[in-house]
Amino acid sequence: NSNSNSGEVATFASFRQDVIRGDIMVRLLELDIKSGECVGDGRVGTLPGVGFPPHDWAMTPTRAIFVTVPASGNIFPYVIGSKGPAECITFQQGVTGTLHLLPRPPALGENNNTGGDPPLFAEKRIELSRPIHPIHFANAWDLDEEDGVEVLACCWESDSIHEMAKTGASMLGSWAEVSSGNFVGVSSQKLLRITHQGNKDPSVEEVVKGLGHIDYVKCHPDKAGKKTRFLWGSMGIGVQDGPTPPGPPQIICRIDLDAGIVEDQWYAGRRKFLDEFVLVSKKKEQRSDDTSSNSKANLSDTEEDVWLVAPCFDAERQITSFVILDGHDLSAGPIFEAELDHHIPWALHGSWYSCPET
């Protein structure tokens, strides 16, 4: 879901690849959240030489944002069925990253756009100082000055990309090693801030200095595409002590972007592992009335007013439970836990919808 100039919409992306050059053509389709009607449709740009469709992207009210690093590979093993497509792709050597700013698709009826196959619209590409590969975007917003943007994303850093390119390692690496409990070879993800303003060189910097691997970083649902102060993410044990090999997610944290720190966290427990969580905006009547100076509810206006819902796998008992945490106070632990009588296989992404009150 994202906010556009025409209101709240659900944005879908489709990709078409030139198998010779590796270019990815991007088309965006936008549906009105309430009616489900198509309100925007456009082939908005091209990601040259990328080699594979992006896993994630960010949206602002005016743009779709991608960050890419050129990649290539040999698809023959995929054609004969011996490997998956991502196992055939690796990064190219001696390249850097590119920030792509693609305009959102025009509303239906504009620019002779009637659905079908609309014309290719203008885009903007900005070369970054080093290669980075986003796994998941946390948020992005437009800057008022000089047509700029600020982007927050969990990324593979340049050292991991250089090593993959040098050794020819595939994008996926070895799942056999990971399944055995060896995470040493897994590329670490850093939470990075990418800032672009006018003709200035774009900057890429760590959000929390010295923080190790972090993933599934998200903002308040109502803050998507807008400037935000707080993010929530999942971490392994020890990542706050400096660079460590990525471990399984056992901690959920809240990050203060202004202070550049992890200010609150909850540890699930020994041999308990967290899957990706979802953030649910609180209803007005559920928000804290505590406005004292010592209250965590007083750190911002309503940006922390979220429920955090996460599957938690107990390896000792081989069952999964769903825990609900208060975004104001993670360290207090779950305010509710729904225990299942079985486990849920590892997933990737989730969502939620509200049920009618009965």
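**Sheets, aromatic pairs and buried cysteines in a predicted model**

With residues up to four places away in sequence not counted, cysteine 88 touches Ser72, Gly73, Asn74, Ile75, Pro77, Tyr78 and Lys83, a contact being defined as heavy atoms within 4.5 Å. The structure is a predicted model, in which local features need pLDDT of at least 70 and side-chain atom pairs count only at pLDDT 80 or more, whereas totals for chains, interfaces and linings use all residues. Residues are numbered from 1 along each chain as its sequence is written, and side-chain values use heavy atoms, with hydrogens and water left out.

Cysteine 88 is located in the loop between helix 1 (76-79) and strand 8. Helices (H or I, at least four residues) and strands (E, at least two) are DSSP runs, numbered from the N terminus. The C-alpha atom of cysteine 88 is separated by 6.2 Å from that of serine 170, although the two residues are 82 residues apart along the chain. Cysteine 88 has a relative accessible area of 9% and is therefore buried; buried means under 20% relative accessible area, exposed over 50%, and partly exposed in between (1.4 Å probe, protein chains only). Cysteine 312 is likewise counted as buried, at 4% relative accessibility. A disulfide is a covalent bond between the sulfur atoms of two cysteines. When a disulfide is taken as a pair of cysteine sulfur atoms within 2.5 Å, the count comes to zero.

Strands 5 and 6 run antiparallel and are joined by two bridges; they form a hairpin with three residues between them. Within this part of the sheet, methionine 59 stands opposite alanine 64 in strand 6. Strand 6 is joined to strand 9 by six bridges, again in the antiparallel sense, and phenylalanine 66 stands opposite histidine 100 in strand 9. Strand 9 (residues 98-103) is in turn connected to strand 10 by four antiparallel bridges, with lysine 124 in strand 10 as the bridge partner of leucine 101.

Strand 6 is largely enclosed by the rest of the structure, because six of its six residues are buried. In a regular strand the side chains alternate between the two faces of the sheet. In strand 6 both faces are covered, with Arg63, Ile65 and Val67 buried on one side and Ala64, Phe66 and Thr68 buried on the other.

The loop between strand 4 (38-47) and strand 5 contains glycine 51. This glycine 51 counts as buried, at 12% relative accessibility. Glycine 51 touches Gln17, Gly22, Ala71 and Ile89, with residues up to four places away in sequence not counted.

A search of the whole structure finds four aromatic pairs. Rings of Phe, Tyr and Trp (its six-membered ring) pair if their centres lie within 6.5 Å; planes under 30 degrees apart count as stacked, over 60 as edge-to-face and the rest as tilted. One of the pairs joins phenylalanine 15 and phenylalanine 66 edge-to-face, at 6.3 Å centre to centre and 80° between the planes. This pair links distant parts of the chain, with phenylalanine 15 in strand 2 (residues 7-17) and phenylalanine 66 in strand 6 (residues 63-68), 51 residues apart. Phenylalanine 15 is partly exposed at 29% relative accessibility, whereas phenylalanine 66 is buried at 1%. Another edge-to-face pair is formed by phenylalanine 91 and tryptophan 156, at 6.3 Å centre to centre and 85° between the planes. Phenylalanine 91 in strand 8 (residues 89-91) and tryptophan 156 in strand 12 (residues 148-156) are 65 residues apart, and both are buried. Phe15, Trp57 and Phe66 form one aromatic cluster.

A further open sheet is formed by four strands in the order 15-16-17-18, with antiparallel pairing. Strand 15 (214-218) and strand 18 (261-267) are its edge strands. Strand 16 (residues 230-235) and strand 17 (residues 251-256) pair over six bridges, and cysteine 253 in strand 17 is the bridge partner of glycine 233. Arginine 254 lies over the face of phenylalanine 230, at 5.9 Å from the ring centre. The charged end of lysine 218 sits over the ring of phenylalanine 277, 5.2 Å from its centre. Such an arrangement requires NZ of Lys or CZ of Arg within 6 Å of the ring centre and within 35 degrees of the ring normal.

Notes: Pairing = 2+ DSSP bridges.
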